[in-house]
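Welcome to a short tour of this model. Have the sequence and the 3D view open as you read along.

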Amino acid sequence: MPTDGGSERIFELQEEIQQLKEAVVSHAVVDQAIGMVVALGRVSPDQGWAVLKEVSQHTNIKLRNVAELILVWGRTGMMPQEIRAALEDALDSAGPAQIPGTPPEA
């Protein structure tokens, strides 16, 4: 039976497909967490992304894991104190964005 590298290529493609599936799921988790930060923190989507990055960097926890913890918090109300403190600090530094339709404070 000749070996033409076909089975190795199939294995490589299966690995690539698995990595792409994981990337799609990870992206969805991060997007959902950004949405929560935007809604609860009254910040823009760009600020929500920056908040997640800041929390990740200050806690030394992967961004996807921070996003997962934020989603768990949304469902259960529970969040590790380290993440909560970093999230509060990051939101404080981002500050609430202007809510559309409201006049700026004088």
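## Salt bridges and the core

Arg64 is partly exposed, with a relative accessibility of 29%. This is a predicted model, and a search of the whole of it turns up 2 salt bridges. Arg64 takes part in one of them, pairing with Glu68. Arg64 and Glu68 lie 4 residues apart in helix H3, so about one helical turn separates them.

Glu12 and Arg9 also form a salt bridge. These two are 3 residues apart in helix H1, which again puts about one helical turn between them. Glu12 is partly exposed at 36% relative accessibility, and Arg9 is partly exposed at 45%.

| Salt bridge | Closest N and O atoms |
|---|---|
| Arg64 and Glu68 | 2.7 Å |
| Glu12 and Arg9 | 3.5 Å |

The largest nonpolar core holds 20 residues, and Val37, Leu52, Val55, Ile70 and Leu87 have the most contacts inside it. Helices H1 (6-41), H2, H3 (63-76) and H4 (81-94) each give two or more residues to this core, with H1 giving the most, 6 residues.

Is Gly48 buried or exposed? Gly48 is buried, with a relative accessible area of 0%. Its place is in helix H2, residues 45-59. Leaving aside residues up to four places away in sequence, Gly48 touches Ile34, Val37, Val38 and Val43. Gly48 and Ala33, 15 residues apart in sequence, have C-alpha atoms 8.4 Å apart.

Terms used: Residues are numbered from 1 along each chain as its sequence is written. This is a predicted model: local features need pLDDT of at least 70, side-chain atom pairs count only at pLDDT 80 or more; totals for chains, interfaces and linings use all residues. Side-chain values use heavy atoms; hydrogens and water are left out. Buried means under 20% relative accessible area, exposed over 50%, partly exposed in between (1.4 Å probe, protein chains only). Contact means heavy atoms within 4.5 Å. A nonpolar core is a set of buried Ala, Val, Leu, Ile, Met, Phe, Trp, Tyr and Cys residues joined through side-chain atoms within 4.5 Å. A salt bridge is a side-chain nitrogen of Lys or Arg within 4 Å of a carboxyl oxygen of Asp or Glu.
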